[in-house]
Amino acid sequence: MEKAVILKKGKEESLQRFHPWIFSGAIQKIEGKPEEGDIVTVYTADRTFIARGHVQVGSIAVRVLTFKDEPIDYDFWHARIATAYDIRKSIGVADIATNDTYRLVHGEGDNLPGLIIDIYGNTAVMQAHSVGMHVNRKDIAKALQEVLGEKIQNIYYKSDTTLPYKADIDKGNGYLLGGNAQNVSTEYGLKFHIDWLKGQKTGFFVDQRENRRLLEKYAKGRKLLNMFCYTGGFSIYALRGGAQLVHSVDSSAKAIDLTNANVSINFPDDSRHKAFAEDAFDFLERMGNNYDLIILDPPAFAKHRDSLRNALIGYRRLNAKAIEKIQPGGILFTFSCSQVVSKENFRTAVFTAAAIAKRKVRILHQLTQPADHPVNIYHPEGEYLKGLVLYVE
Ligand code: SAH
């Protein structure tokens, strides 16, 4: 018997608008006893085909892979990855001499819900957020290898922390191809060590690339604080941009080691840079008011809707401190990567912070995630990164 999901009457509406998730409450019955991660065909109440996707346990019951009546097989993965690669070439981040660091697949934004693939030099790091993508990982890796050809020598699969915690599968990380990866990649001409084995996410925050490039333009002659620096991305761009002084801060000692290593491969023995392993709020409290360019790129303060209120208080406190202490004429790059915090929420938090600090502030840029992190227009939940560049009088 075909593995199928039959919707309740009228529950196909969001699918007709190509929303890629089916919630368990929309389902009338499930046939053919699918297991988590299986491909299921979705029918409306009157048995008309509407979609095909991965079935999963939880409130999102199906993640839709296609709205066309087509098989989900090797050719399917190959076609989706080939399209994703073409888009990255059009954007101008793939297949160029100065950059081999980019996101090739961004889940729903590439019509591949539950799958992330980041490219670092000749290594692809693949991350599954659904059991279905885990089950299909070998076909996906093979397609990836075929689409990118010689450019990819290693594929590292890293899903132990992103797969559903209760799923009864072997979540071991490891290489699906190669294994002798040199781990330095190039972002707009700058070199970065990427630690996909032990680092956060897939090893690097690819999503700040365009914002780092913008920062570089503001850096000349300035005294800069890069708060929540992780591997030092913004700091390295600031050094290239001609900053007078760059201080990088992160509470993780490992992140500070990585930042120092990244400074060294780009600007060996550059005395303009110093890194501090310290808590953000402690540092902001004691730092004085010498900086005239500050970056605040904290981790997601809210992972779920119920922590939204506390997250907004956190953003407000953090921004108030920075706005209070920045030099007159200073520039603040401030970000939120929490998906549940809307653009308006974030702007209100920063507005309140400015008022608390009693400084005159204007918005110069409104930033978001780059084009290799596309947002599916039918799935606005995929838009998560927000940033403001402020001029503080
Ligand atoms: N700006 C970085 C990414 C930042 S990720 C880039 O461009 O790559 C957020 C970082 O905040 C992590 O490295 C984490 O270790 C750090 N962090 C989390 N809590 C912190 C705290 N209380 N004080 C300082 N750093 C913190």
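## Exercises on a ligand site and a sheet

A backbone N or O atom of Phe 228 lies 3.1 Å from a nitrogen atom of the ligand. The model you are looking at is predicted, and the exercises below start from this contact.

**Exercise 1.** Work out which residues are the closest to the ligand, and how many surround it.

*Solution.* Begin with the count: the ligand is surrounded by 15 residues. The closest are Arg 212, Asp 250, Asp 279, Ala 280 and Asp 297. Next, sort the shell by class: seven residues are nonpolar, three are polar and five are charged.

**Exercise 2.** Find what lies 3.1 Å from an oxygen atom of the ligand, and how much of the ligand the protein buries.

*Solution.* Start with the side chains: Gln 200 places a polar side-chain atom 3.1 Å from a ligand oxygen atom. Then turn to the backbone, where a polar atom of Ser 251 is 3.0 Å from a nitrogen atom of the ligand. Finally, take the area: alone, the ligand exposes 600 Å², and the protein buries 88% of that.

**Exercise 3.** Trace the open sheet of five strands and explain why one side of E7 and of E11 is left without a neighbour.

*Solution.* First write down the order, E7-E8-E9-E10-E11, with mixed pairing. Strands E7 (101–106) and E11 (174–177) stand at the edges and have a single partner strand each, so one side of each lacks a neighbour in the sheet. Direction ignored, neighbouring strands of this sheet are turned by 25° against each other on average.

Now look inside the sheet: E8 (residues 115–120) pairs with E9 (residues 123–128) in the antiparallel sense over six bridges. As a check, follow Ile 119 to its bridge partner in E9, Ala 124.

Terms used: Residues are numbered from 1 along each chain as its sequence is written. This is a predicted model: local features need pLDDT of at least 70, side-chain atom pairs count only at pLDDT 80 or more; totals for chains, interfaces and linings use all residues. Side-chain values use heavy atoms; hydrogens and water are left out. A residue is near a molecule or strand if one of its heavy atoms lies within 4 Å of it. A polar contact is a pair of N or O atoms within 3.5 Å; within protein, one must be able to donate a hydrogen and the other to accept it, and residues adjacent in sequence count only if both atoms are side-chain atoms. Accessible areas come from the Shrake-Rupley method with a 1.4 Å probe; for residues, only the protein chains shown count as cover. Ala, Val, Leu, Ile, Met, Phe, Trp, Tyr, Cys and Pro count as nonpolar, Asp, Glu, Lys and Arg as charged, and the others, Gly among them, as polar. Two strands pair if DSSP finds at least two bridges between them. Helices (H or I, at least four residues) and strands (E, at least two) are DSSP runs, numbered from the N terminus. Axes are lines fitted to C-alpha atoms, for helices over the stretch in contact, and angles run from 0 to 180 degrees between N-to-C directions.
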